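Subject: Handover of the two-chain model

Hello,

Here is the structure I promised to pass on. Please open it first, then read the notes below.

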Amino acid sequence: MKSILKGSAAVALANGLNGIFRPLALQAATRPVRWAFLVDTYKCIGCGYCVKACKLENEIPFEADVSRTWVERYVVTKEGEVFADAPKEARYGFITSRVDLGMGKFKDIPKDRIDKAFFVPKLCNQCDKPPCVQVCPVGATYQAADGVVLVDRTWCIGCGYCIMACPYGMRFFHPQFHVAEKCNFCYHRINKGMRPACVLACPAGARRIGNIKDPDDPVAKVIMTQRVTIHKPEYGTNPQVYYIGLSEEVR
Amino acid sequence: MHVLRPLFAVLAVAALILIARVFVVPDDFGIHERGYMFGWYRKANEEEWKALKVKYQGKEYCKDCHAEQEKQVLSSPHKIIECENCHGPAREHPSEPPKLTLDRSRDLCLRCHTYLPYPTSKRAEIKGIDPGQHNPGAECTGCHDPHRASKP
């Protein structure tokens, strides 16, 4: 009995020390790949081909009102009013100038009243300090060594805590599997040297992906030398999707 | 001391659970590279995600057989559009699916060609129409060739 207690105390101590000192993390600190995304909101034309490609590539039911990625439209009038919409996550693009205000209401803003208007594609930021990973009670969602946050569909119990925890609202319930779902930078594609479906589909070149740890990577170079920003830095999650031309109106 | 019996019962249940988890929890479940806070997971899942089938193949996949269309598109302003944007993912074409979709609907073209006067976006630089004014309801391909992006 005493030896069992001693043994279990030793195991508990070892686990605790491993949790504090994290020798594996030292190995991770020298990881060669860390995926980062670059979104250029000047270039985005609001065609929505990225959303269509994402849904088809990642088998999200097309007519379901959820998507791993979407595009938001912002129209700022000269009076300072901001109108924003993302009709059906922009999977059909923006084919009308009328802004969808929700609940069946629309607003047509005449051209001469528009101060600035732009499109903002959004996707999972694959944060360096992901709050969604921290709250998972079972360890179904996690961050891989290369920075991508993934969800283990067979392990997820569908509690939705991670969906609540994401401050950017990137997560949702998969309508078919009823587990948590989110963008994973097309993990199956980037590990084969291909680009994510949304990056491939974008005709305007508004979406780009690269390895921020590689100093010769073109995306890393843009992040280092041009004026980029992250969305909502006050959340403190260290997102790795960088935006060019992000404006304070963006929610 | 019979008053300790509930304690023994609780300890027995705890021991049973700790023994059961040795069999139920997979061997690769544990703390991985990102540490206790972000890297506590079943390692095999990474490979499961990597094994997902690729559906979108990209332009390079199409051009060997469809060289003529590729040449037409490349000499038009539509060269920036991926073939699969309009025709759907290639998957394993031509074995599966044998034919890709030909979406001739108006809404496909209106994604870019509904003129939106947005001064701070490249959208305003795309030649566009007012869908309510310009042949409403008609298919765009009736007059325009999308591979040549031509006027009728």
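A residue is called buried here if 20 or more other C-beta atoms lie within 10 Å of its own C-beta, with those atoms placed from the backbone. Keep that cut-off in mind for strand β1 of chain A. A:W35, A:F37 and A:V39 point one way from β1(A). A:A36, A:L38 and A:D40 point the other way. All of them are buried. In a regular strand the side chains alternate between the two faces of the sheet. Overall, β1(A) is mostly covered, with six of its six residues buried.

One caution before the rest: this is a predicted model.

**Chain A overall**

Chain A holds eight helices and 13 strands. Its C-alpha trace spans about 80 × 40 × 35 Å along the principal axes. Of its 251 residues, 42% are buried. Take the contacts in chain A with a separation of 6 or more: residues 24 or more positions apart account for 61% of them.

**The four-stranded sheet**

β1(A) belongs to an open sheet of four strands. The order is β11-β1-β13-β12 (chain A), and the pairing is mixed. At the edges are β11 (207-211) and β12 (229-230) of chain A, each of which pairs on one side only. Helix α8 (218-225) of chain A packs on this sheet. The helix touches β1 (35-40), β11 and β13 of chain A. Its direction makes about 100° with that of β11(A).

Now the pairings, one by one:

- β1(A) with β11(A): antiparallel, over five bridges. A:V39 has A:R207 as its bridge partner in β11(A).
- β1(A) with β13(A): parallel, over four bridges. A:F37 has A:V241 as its bridge partner in β13(A).
- β12(A) with β13(A), residues 241-244: antiparallel, over two bridges. A:I230 has A:Y242 as its bridge partner in β13(A).

**The three-stranded sheet**

Chain A also has an open sheet of three strands, in the order β3-β2-β6. Its pairing is antiparallel. The edge strands are β3 (82-85) and β6 (114-122) of chain A, and each pairs on one side only. Neighbouring strands are turned by 15° against each other on average, direction ignored. Four bridges join β2 (70-77) of chain A to β3(A). In β3(A), A:F83 is the bridge partner of A:V75.

**The contact between the chains**

How many residues does each chain bring to the contact? Chain A gives 53 and chain B gives 42. On the chain B side, four elements each supply at least two residues: α2 (35-38), β2 (40-42), α3 (44-50) and α7 (106-113). That side of chain B divides into 22 nonpolar, nine polar and eleven charged residues.

**Chain B**

Chain B is divided into domain 1 (26-52) and domain 2 (59-142). Their centres, taken over C-alpha atoms, are 40 Å apart.

Look next at α7(B). This helix is mostly covered: six of its eight residues are buried. The buried ones are B:L108, B:C109, B:L110, B:R111, B:C112 and B:H113. What covers them includes α6 (83-87) of chain B.

Then go to B:K43, in the loop between β2 and α3 of chain B. Is B:K43 buried or partly exposed? B:K43 counts as partly exposed because it has 17 C-beta neighbours inside 10 Å. Leaving aside neighbours within four places in sequence, B:K43 is in contact with B:D28 and B:H32. B:H32 is eleven residues from B:K43 in sequence, and their C-alpha atoms are 7.7 Å apart.

**The nonpolar core**

The largest nonpolar core has 77 residues. Which members touch the most other members? They are A:C50, A:A53, A:V71, A:A197, A:C198, A:A201 and A:C202. This core also draws at least three residues from each of domain 1 (26-52) and domain 2 (59-142) of chain B.

A:A53 is worth a look on screen. Not counting residues up to four places away in sequence, A:A53 touches A:A197, A:C198, A:L200, A:A201 and B:Y56.

Best wishes

How values were computed. Residues numbered from 1 in each chain as written. Chains lettered and ligands numbered in written order. Predicted model: local features only at pLDDT ≥ 70, side-chain atom pairs only at ≥ 80, totals over all residues. Pairing = 2+ DSSP bridges. Contact = placed C-beta atoms within 7 Å. Axes fitted to C-alpha atoms, helices over the stretch in contact; angles between N-to-C directions. Buried ≥ 20, exposed ≤ 12 C-beta atoms within 10 Å, placed from the backbone. Nonpolar A, V, L, I, M, F, W, Y, C, P; charged D, E, K, R; others polar. Domains from an automatic or database assignment. Core = buried A, V, L, I, M, F, W, Y, C linked by C-beta atoms within 7 Å.
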